[in-house]
Amino acid sequence: MKHVYLSLIFLLLFNYNHAQENLPTDYLTKEFHKGRREAFRSLMPANSVAVIFSYPERKFSRDISYNFHQNPDLYYLSGYKEPDAVLLLFKEMQGTSETAYNEVLFVRERNANHEMWTGRRLGTDGAKSKLGFTTTYNGKDFKDFPIDFKKFDKIIYDKIPTDIGKDTSGFDLFGLLETFKTKAAITNDDTASLILFENITATLREIKTPEEIDLMRKSVKLSCIAHNEVMKAINIDMSENEADGIHAYIHRKYGAEGEGYPPIVGAGANGCILHYGENNSTKIDNQLLLMDVGSEYHGYSADVTRTIPANGKFTEEQKAIYQLVYDAQEEIFKICKEGTPLADLNIKAREVLAKGLLKLGIIKDLKEVSIYYPHGCSHFLGLDVHDKGNYRGPTSLLKENMIITVEPGIYIPANSKCDKKWWNIGVRIEDDILIKKDTYENLSIDSPRKWQDIEKLASQKSKFNEFNLPKI
């Protein structure tokens, strides 16, 4: 009877998997991922193989795991979203005649009992029908898969993680990695291989395809809507956590899976901490609120920062610092076009901010700008919030269809060596910029940047202020 019951569950789950409805229709297509594999293969040297693993699952507490987040490189090249997987890409066709292949995907095996507890799995058939692969195997088959890594002139792979757990199956991620190291006779990471893998993926991912730009537009736009809703809802009694929660609600309302990074929602002194993450101050009070929050929509992260006054009006000191950061951003935008060295954006930011801080009497020497502007101005944006790209060297020029951030800021914590009227003012304005041939497009234009426009939006009513929840 037990076997009949389990068989019934197995059949129900498999039928349910194929009948799943109401899924988003704007995921990247299998044709997109196939095109990215072809692009990757075109950059591989002759007689080489690339090996790309999934990310590990991570423990949240005791026997509970964090929601799984795929290795962006594996997702980019395959569309596969599950753990315990490995993709092999070959420069040349392998095998002969009808059985020849140039890519193989090893996936999690379907299992009725596990799927009842932790969700559906694609399996080998799903990887073929949904992702467009021709040659797929279960992870357990990797150990006996007939591949001689020694025959290749170059094995291309990313850094092998060492801090992962293992189960007893031998074909979880730990087992797959151990099998690879044994088959390829790898004892330590090959630096040349790591550099080659990083160069290929950086070169591909720094330039966005039309499909990626569409997803980025959505991710950034809905992030702007979230920022705007907080601007309307903010008041001096609001907590940082509540402001954070409004962002989260709006993101999910529009279909985002979550945030692309831990939200930074800091009031007053907390806004002067660059990667502040507690978001637990119970009252914003008459201070500035710095919100660095961006959604993750189908894998693609926005990165938008707005700084707003909790009472709806900037003080003269807050306004002066805010205007300086705004002016710096405006000057940077002027050089956002193809051919500009990426480093020039931060040079321009430092130049404008230094002169402004000197004029306000906050610094006494232009070189002191680093005290109050300690970070860089721009990074690539995409599947990672700090996305892959060529950040240094002769190839680190802005190119058409790159998406970068422009994020100057000034942070003046208490006890700084300046007039105390400036203390605890932290301002960052961050926008997501699509580079074009001779100009740029500000993807985050829908959220106001001018202090006058922020005050105007803050004067509007918000539905979030009408919630009457029971006291606890």
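1. Domain bounds here come from an automatic or database domain assignment. On that basis the protein is divided into domain 1, residues 30–204, and domain 2, residues 208–466. The centres of domain 1 and domain 2, taken over C-alpha atoms, are 36 Å apart.

2. A word on the source. This is a predicted model, in which local features need pLDDT of at least 70 and side-chain atom pairs count only at pLDDT 80 or more, while totals for chains, interfaces and linings use all residues. Residues are numbered from 1 along each chain as its sequence is written, and side-chain values use heavy atoms, with hydrogens and water left out.

3. How many residues of each domain are in contact with the other? On one side there are 13 residues of domain 1, and on the other eleven residues of domain 2; contact means heavy atoms within 4.5 Å. The two domains bury about 940 Å² between them, 53% of it on carbon and sulfur atoms. Buried area is the accessible area (1.4 Å probe) that two parts lose on being put together, summed over both. In domain 1, the residues that lose the most area to domain 2 are Phe32, Pro72 and Ala202, together 43% of what that side buries.

4. The rule finds two salt bridges across the interface of domain 1 and domain 2, a salt bridge being a side-chain nitrogen of Lys or Arg within 4 Å of a carboxyl oxygen of Asp or Glu. Asp73 forms a salt bridge with Lys388, and their closest N and O atoms are 2.7 Å apart.

5. Which elements give two or more residues to the side of domain 1 that touches domain 2? They are helix H2 (30–42), helix H3 (72–78) and helix H7 (191–205). Helices (H or I, at least four residues) and strands (E, at least two) are DSSP runs, numbered from the N terminus. H7 gives the most to this side, with five residues.

6. Asp84 lies in the loop between H3 and strand E4 (86–94). Is Asp84 buried or exposed? Asp84 is buried because its relative accessible area is 13%; buried means under 20%, exposed over 50%, and partly exposed in between (1.4 Å probe, protein chains only). The side chains of Asp84 and Arg108 are joined by a polar contact of 3.0 Å. A polar atom of the Asp84 side chain also lies 2.9 Å from the backbone nitrogen of Leu173.

7. Ser416 sits in the loop between strand E15 (409–412) and strand E16 (425–428). With a relative accessible area of 12%, Ser416 is buried. A polar atom of its side chain lies 2.5 Å from the backbone oxygen of Pro413. Leaving aside neighbours within four places in sequence, Ser416 is in contact with Tyr372 and Trp423.

8. Leu274 is in the loop between strand E9 (264–267) and strand E10 (288–293). Leu274 is partly exposed, since its relative accessible area is 27%. Beyond neighbours within four places in sequence, the contacts of Leu274 include Ile264, Pro374 and Tyr411.

Key: Polar contact = N/O pair within 3.5 Å; in protein donor to acceptor, adjacent residues only side chain to side chain.
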